Amino acid sequence: MRVKAMAVMERGGPLVPYAYETAPLGPHDVLLEVRACGICHSDLHMADDDWAITRFPLVPGHEVVGVVRERGREVAHLAVGDRVGVGWQRSSCLTCPDCLSGRENLCSENRGLIVGGHGGFASHLVADSRFCFPLPPGIPDEAAGPLLCGGVTVYSALRHAGMTSGQEVGVVGLGGLGHLAVQFAARLGNRVTAFTTSEDKASFAARLGAHRTVVVREGERPRAERPLDILLQTVPRDPGLAHFLDLLGSDGTLAFVGVPLEPIPLPVWALLSKRRRIMASPIGGRALVAETLDVADRFGVRPVVETYPLAEAQKAFDRLRENRVRYRAVLLP
Ligand code: NAP
Ligand code: ZN
């Protein structure tokens, strides 16, 4: 079928209307009619070819909510009419030790939805049904999208950094990922300190569940009231690693989900002196996606969104680039 989409035709170029024909469905594929698609900063990184993996034309979009309209002959667990979500991951080998232990996101053959394939800034999407996730009925389309990449990324990273409850958790950057991280950490019973460069977000952070907010100013050393057990870094650049490491208590963990483009010098002494750890975490495996949706549903974690018609995707992209989105932009058909 013919898909109407918005695509970036060249590195850093604008989003323009673009149409393409879908290939015949593979045995495990489904054809989805797109109902909503969140815009992640990774879509911008891809449009700018920041990671040197983009193939143009690029149809961005990997926080997709869609309804199954057709299914391949092997698809038994999804029915026509089901509402599902698709996140960053398009596929994996499903046979390696990582895949067999629920870490499909770490599979060496894992493929991104928009890496070598078209994404959800479109009327329709062909996706592997094994990477489509049934959505809790209580979460509306525009709120479900951002949970599928942003949500699972921060939930998985916090869990792998050792988050339980009763801990001191910091979140650096209150964008799409950060505003969800604050909610997950707070609603699961932790005391949250939010670090932001935007004055207006500082007052709003309390409504997300933050107990304390610190406005970070260029050249100033950020401070926390108490030593942090976990600090989640969601900013797409080096936030000033050395300063933030000092906010961690003994055995504390700094977890990167934001992707700085340049290598960052490693302050070994700051790590060693309090046996701190640094880790980085990509999205989440399939079990974690399902858990993220379930926890969000039951504990009331809801993305705060701005919605735009698909045709105005460029406007939303511009706002994201200028850090004006509050807090996730979502495209609707
Ligand atoms: P976003 O909505 O743009 O949020 C990033 C936030 O970082 C901004 O809202 C801003 O928060 C802060 N910031 C401070 N300095 C900035 C600067 N120079 N440029 C941009 N933002 C700045 O982005 P996102 O969608 O949350 O994604 C954040 C990062 O995570 C990106 O690098 C993205 O590629 C990455 N990501 C990683 C994974 C993974 O699997 N690890 C998954 C998804 C996304 P304040 O206004 O509060 O300061
Ligand atoms: Zn993403």
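Predicted model: local features only at pLDDT ≥ 70, side-chain atom pairs only at ≥ 80, totals over all residues.
## Briefing: fold, zinc site and a helix crossing

Residues are numbered from 1 along each chain as its sequence is written, and side-chain values use heavy atoms, with hydrogens and water left out.

**Overall build**
- The C-alpha trace spans about 60 × 40 × 35 Å along its principal axes.
- Of the 333 residues, 56% count as buried (under 20% relative accessible area, with exposed over 50% and partly exposed in between; 1.4 Å probe, protein chains only).
- Take the contacts (heavy atoms within 4.5 Å) between residues at least 6 apart in sequence: 68% of them join residues at least 24 apart.

**Zinc site**
- Three protein donors, Cys-40 (SG), His-62 (NE2) and Cys-149 (SG), sit 2.0 to 2.3 Å from the zinc ion (ligand 2).
- Donors here are N, O and S atoms within 2.8 Å of the metal (3.2 Å for Na, K and Ca), and water is not among the atoms, so sites may look incomplete.
- Along the chain, the zinc donors follow the spacing C-x21-H-x86-C.
- Cys-40 is in the loop between strand S3 (29-39) and helix H1 (41-47), and Cys-149 is in helix H3, so this pair ties together parts that are 109 residues apart in sequence.
- Cys-40 and Cys-149 are both buried.

**H3 against H8**
- The axes of H3 (residues 141-160) and H8 (residues 286-299) come within 9 Å and cross at roughly 100°; they are lines fitted to C-alpha atoms over the stretch in contact, with angles running from 0 to 180 degrees between N-to-C directions.
- That makes H3 and H8 roughly perpendicular (65 to 115 degrees; under 35 is roughly parallel, over 145 roughly antiparallel, and the rest oblique).
- On the H3 side the contact includes Leu-147, Val-152 and Tyr-155, which meet H8 residues including Leu-288, Thr-292 and Val-295.

**Ser-281**
- Ser-281 lies in the loop between strand S15 (277-280) and H8.
- Ser-281 is buried, with a relative accessible area of 12%.
- Beyond its neighbours within four places in sequence, Ser-281 is in contact with Thr-153, Ser-156, Ala-157, Phe-256 and Val-257.

Terms used. Chains lettered and ligands numbered in written order. Helix = DSSP H or I, 4+ residues; strand = E, 2+ residues; numbered from the N terminus.
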